[in-house]
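Me: I would like to know where the labels on this structure come from. Please show it.

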Amino acid sequence: MGPFTLMSSAEAADLLADLEQTLAQESMAYPHSQGAYVIEATDQKASTTVGRSNYETSYWAMNYRDRHLDSLAVLDLFQHPALTV
């Protein structure tokens, strides 16, 4: 199997820009600001030896989850004929 071309370099750059914009926004599927979930970690500030606190890691894990539900670009990627046919 493979190699195959899923998209051009220009299309990949556009997808990356869309993904970065989507991930910078709060998830519509799991909106923390609306109480969709509770983060029990209390260390809201990262230590000097760790890049992210447990709180930040938990927040981003939920924020990145299931983004195909609120990003047409991701959903379209999953439905691309080069992957599904």
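Reply: The protein has four helices and zero strands, in the order α-α-α-α along the sequence. Helices (H or I, at least four residues) and strands (E, at least two) are DSSP runs, numbered from the N terminus. This is a predicted model, in which local features need pLDDT of at least 70 and side-chain atom pairs count only at pLDDT 80 or more, while totals for chains, interfaces and linings use all residues. Residues are numbered from 1 along each chain as its sequence is written, and side-chain values use heavy atoms, with hydrogens and water left out.

Me: Why does Thr-22 count as buried?

Reply: Buried means under 20% relative accessible area, exposed over 50%, and partly exposed in between (1.4 Å probe, protein chains only). Thr-22 has 11% relative accessibility, so Thr-22 counts as buried. Thr-22 lies in helix α1 (residues 9-24). Apart from neighbours within four places in sequence, Thr-22 is in contact (heavy atoms within 4.5 Å) with Arg-67, Asp-70 and Ser-71.

Me: Why does Leu-69 count as exposed?

Reply: The value for Leu-69 is 54% relative accessibility, so Leu-69 counts as exposed. Leu-69 sits in the loop between α2 (54-64) and α3 (72-78). Between the C-alpha atoms of Leu-69 and Met-28 there are 8.0 Å in space, although the two are 41 residues apart in sequence.

Me: Why does Trp-60 count as partly exposed?

Reply: Trp-60 has 27% relative accessibility, so Trp-60 counts as partly exposed.

Me: What makes the pair of Tyr-59 and Trp-60 edge-to-face?

Reply: The structure holds two aromatic pairs. For Tyr-59 and Trp-60, the ring centres are 5.1 Å apart and the planes are at 80°, so the pair is edge-to-face. The rule is that rings of Phe, Tyr and Trp (its six-membered ring) pair if their centres lie within 6.5 Å; planes under 30 degrees apart count as stacked, over 60 as edge-to-face and the rest as tilted. Tyr-59, Trp-60 and Tyr-64 form one aromatic cluster.

Me: Which residues of α2 are buried, and what puts them on the same side of α2?

Reply: The buried residues of α2 are Tyr-55, Tyr-59 and Asn-63. They cover an arc of only 60° around the axis, so they are on the same side of α2. The arc is that of the directions from the helix axis to the C-beta atoms. Their cover includes α1.

Me: How much of the protein is buried?

Reply: Of the 85 residues of the protein, 16% count as buried.
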